[in-house]
Amino acid sequence: MAAPQPSAPTPKPGRLAVIGLGPGSAELMAPAVRAELDRAQDIVGYTTYVEMAGPFRPDQRLLDSDNRQELDRARLAFELAAQGRHVVVVSSGDPGVFAMAAAVFEVLEHSQDPAWHAVELTILPGISAAQAAAARAGAPLGHDFCVISLSDNLKPWSIIAHRLRQAALADLVIALYNPRSRARPDQFAEALTVLREIRTPETPIVLGRDIGRPDESLTVTTLGEIQPEQVDMRTVVIVGSSLTRRLARQDGAEWVYTPRWYADD
């Protein structure tokens with residue numbers, strides 16, 4: 001009788017880190033994120049963000065893809081980590097804010113592969129676009145605020161409009177992501193219509209575009225003055241509350257801040 005053949009050893013579970021690069025500049029990236037990138041064997045992510053995450057060593061594999069392939073990227077990352085590799089999934093800003101962390105947990109929840117569940121999984125935060133723009137402007141997020149994406153790729157516009165209206169009625173400062181694209185040229189105008197039914201024309205608005213990158217720009221305007229053409233997908237829009245104030249600076253620009261108090265009735 002032939003001797004039994006030894007079974008192949010089970011790979012030791014690897015490590016999968018979902019990281020946030022921050023707004024784009026190296027000095028605003030968390031040291032723990034840079035260290036994770038430096039140790040990784042495989043870097044998985046949207047092409048633009050992978051390029052932002054460098055420099056890399058020649059032995060590191062860059063596995064980049066199109067922006068709308070989030071679930072495919074998450075599956076690839078688990079497949080590699082289940083083989084014992086050290087994998088980093090890259091997001092801009094914070095990975096838990098409209099980014100890759102949720103996609104990673106979604107594919108993990110639906111997987112029956114024990115090797116995926118054995119992977120060492122960690123999430124490393126980054127400075128979000130809203131935080132970066134707010135810091136450049138002053139402190140518009142100084143009181144209660146919320147964050148809403150205007151993209152209807154993953155949820156219907158009716159839900160977006162409902163949430164926007166309720167946030168405006170609640171007098172929250174509102175940070176709007178993905179406000180306007182070539183495929184969605186009219187939705188930001190519709191969002192402004194909703195806001196103008198509730199907020200005054202003097203409501204301060206901050207437009208932060210590519211904050212932390214070489215071509216960054218910051219504009220302070222009002223709800224009555226803003227035009228849809230001023231924003232695109234690389235702009236985060238911060239809509240002030242009834243308390244949000246504008247404060248002149250000596251250089252001719254303005255600070256925007258929201259006090260941390262409400263006056264007693």
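Predicted model: local features only at pLDDT ≥ 70, side-chain atom pairs only at ≥ 80, totals over all residues.
**Entry 1: the whole chain**

I began with contacts: of those in the protein chain with a separation of 6 or more, 68% are between residues 24 or more positions apart. Next I looked up the secondary structure, and the chain has eight helices and 13 strands. I then checked the box around the C-alpha atoms, which is roughly 90 × 40 × 40 Å along the principal axes. The chain has 265 residues, and 44% of them are buried.

**Entry 2: the largest pocket**

I went looking for the largest pocket and got a volume of about 1,700 Å³. Its lining takes in 45 residues. Which of them lie nearest the centre? I wrote down Y49, N67, F98, N178 and M233. Several elements give two or more residues to this lining, among them helix 2 (47-52), helix 3 (70-82), strand 4 (86-91) and strand 8 (173-177). Helix 4 gives the largest share, with four residues. I also sorted the lining by class: 21 residues are nonpolar, 14 are polar and 10 are charged.

**Entry 3: S92**

I picked S92 next and found it in the loop between strand 4 and helix 4. Is S92 buried or exposed? Its relative accessibility is 19%, and buried means under 20%, so S92 counts as buried. I skipped its neighbours within four places in sequence and listed what else S92 is in contact with: L21, G22, Y49 and R213. Y49 had already turned up in my notes as one of the residues nearest the centre of the largest pocket. The side chains of S92 and Y49 also make a polar contact, at 3.4 Å. I checked S92 against A32 as well: the two are 60 residues apart in sequence, and their C-alpha atoms are 15 Å apart in space.

**Entry 4: S65**

Another serine, S65, sits in strand 3, which covers residues 61-65. Its relative accessible area is 17%, so S65 is buried. What does S65 contact, leaving aside neighbours within four places in sequence? I noted G45, Y46, T47 and R73.

**Entry 5: helix 3**

R73 sent me to helix 3, where R73 is one of the buried residues. I remembered a general point about spacing: an α-helix has 3.6 residues a turn, so residues three or four places apart point the same way. Then I checked the length of helix 3. It has 13 residues and reaches 18 Å from its first C-alpha to its last, close to the 18 Å expected at 1.5 Å a residue. What follows helix 3? I found G84 there, with a positive phi near 100 degrees.

**Entry 6: A175**

My last stop was A175, in strand 8. Strand 8 was already on my list of elements that give two or more residues to the lining of the largest pocket. How accessible is A175? I read off a relative accessible area of 0%, so A175 is buried. Not counting residues up to four places away in sequence, A175 touches A130, C146, V147, I148, V237 and I238. I finished with A134: A175 and A134 are 41 residues apart in sequence, yet 9.4 Å apart in space, C-alpha to C-alpha.

Terms used
Residues numbered from 1 in each chain as written. Heavy atoms only, no water. 1 Å grid on protein atoms, 1.4 Å probe; cavity = no way out; pocket = protein on both sides within 12 Å on 5 of 7 lines; lining within 4 Å. Points joined across faces, edges and corners; volume = space filled by probe spheres on them. Nonpolar A, V, L, I, M, F, W, Y, C, P; charged D, E, K, R; others polar. Buried < 20%, exposed > 50% of the residue type's maximum accessible area, 1.4 Å probe, protein only. Contact = heavy atoms within 4.5 Å. Polar contact = N/O pair within 3.5 Å; in protein donor to acceptor, adjacent residues only side chain to side chain. Expected span 1.5 Å × (residues − 1).
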